[in-house]
Amino acid sequence: MFHRSKPEPSLLLQPLGEERTLSREGRAILSYSLTLPHLVGEGRGLPPVERYYRRLARLWLARWNGPLFQQACSAEEEALSRSRPFAPWTARLSCAVTLQTPALLSLWWEVQEQRGGDVRTLRQGDTWSLDRGAPLALRECLPPALRRRRALLPALSRQMEERAGRLGAYPDWPARLRRSFRADQFWLTAEDAVVFFPPGTLAP
């Protein structure tokens, strides 16, 4: 699902989407859906952001229409040769805009892929300066007291400690948090910066 806040006059966000089922001899082999932001408006910073998501869409679609379709066909052939049922592969690329202002755009996009019994999920946060048409680093979005790693990690640990009991976190979650922290895995909301850890990193 594509979510968006009320657009500013200088920028219109529209969903760039595609949904398709690929078949072979009338049998469904795989299906996918794609939704990414399409930026319409004026400003020298918008074209680079638009090109980024256009390229992301193009590469993802080429992957599923090309090599992964061939792999799915091979998987179906093997299933049929062994008289086993074949479940069509599925994939979804979706996004959600978390903050939009005249100066910046923040969102996350997520890929969910299912190939047979394997389900894979990848989430990425993007925060853009609409003036420069360039990504913003996490340190640019934090108050000065939290811009260094040695100050930010303890703050994240305190937040996680408050949630650990409720989430059923791993006993060694503090070490996992330090090892897994990536400064590019974040997005912004109207209230704060959200640092993201992939599912299964800190809790089962």
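**Close-up views of a predicted model**

The secondary structure of the protein chain comes to four helices and eight strands. The model is predicted. Along the principal axes, the C-alpha atoms of the protein chain fill a box of roughly 60 × 50 × 25 Å.

**View 1. The contact of helix α1 with helix α2.** Helix α1 covers residues 46-65, and helix α2 covers residues 67-81. The axes of these two helices come within 3 Å and cross at roughly 25°. Angles under 35 degrees count as roughly parallel. The helices α1 and α2 are therefore roughly parallel to each other. On the α1 side, the residues that meet α2 are A62, R63, W64 and N65. On the α2 side, P67, L68 and F69 meet α1. The residues of this contact divide into five nonpolar, one polar and one charged.

**View 2. The aromatic pair of Y32 and W60.** The structure holds seven aromatic pairs. In the pair formed by Y32 and W60, the ring centres are 5.9 Å apart. The planes of the two rings stand at 85°, so the pair is edge-to-face. Planes over 60 degrees apart count as edge-to-face. Y32 lies in strand β2 (residues 27-41), whereas W60 lies in helix α1. The two residues are 28 residues apart, and the pair links distant parts of the chain.

**View 3. The surroundings of L16.** L16 is a residue of strand β1, which covers residues 11-24. Which residues is L16 in contact with, leaving aside its neighbours within four places in sequence? They are L34, T35, L36, P37, H38, R54 and A57. L16 and L99 are 83 residues apart in sequence. In space, L16 and L99 are 18 Å apart, C-alpha to C-alpha.

**View 4. The largest pocket.** The volume of the largest pocket is about 570 Å³. Its lining is made up of 25 residues, and the closest to the centre of the pocket are L156, Q159, R163, V195 and F197. Two or more residues of the lining come from each of the elements α3 (149-167) and β8 (193-195). Which element gives the largest share of the lining? That element is α3, with seven residues. By type, the lining of the largest pocket divides into 20 nonpolar residues, three polar and two charged.

Notes: Residues are numbered from 1 along each chain as its sequence is written. This is a predicted model: local features need pLDDT of at least 70, side-chain atom pairs count only at pLDDT 80 or more; totals for chains, interfaces and linings use all residues. Side-chain values use heavy atoms; hydrogens and water are left out. On a 1 Å grid over the protein atoms alone, a cavity is a set of points where a 1.4 Å probe fits but cannot get out, and a pocket is an open set with protein on both sides within 12 Å along at least five of seven lines; lining residues have an atom within 4 Å of a point. Grid points are joined across faces, edges and corners, and a volume is the space filled by probe spheres set on the points. Ala, Val, Leu, Ile, Met, Phe, Trp, Tyr, Cys and Pro count as nonpolar, Asp, Glu, Lys and Arg as charged, and the others, Gly among them, as polar. Axes are lines fitted to C-alpha atoms, for helices over the stretch in contact, and angles run from 0 to 180 degrees between N-to-C directions. Angles under 35 degrees count as roughly parallel, over 145 as roughly antiparallel, 65 to 115 as roughly perpendicular and the rest as oblique. Contact means heavy atoms within 4.5 Å. Rings of Phe, Tyr and Trp (its six-membered ring) pair if their centres lie within 6.5 Å; planes under 30 degrees apart count as stacked, over 60 as edge-to-face and the rest as tilted.
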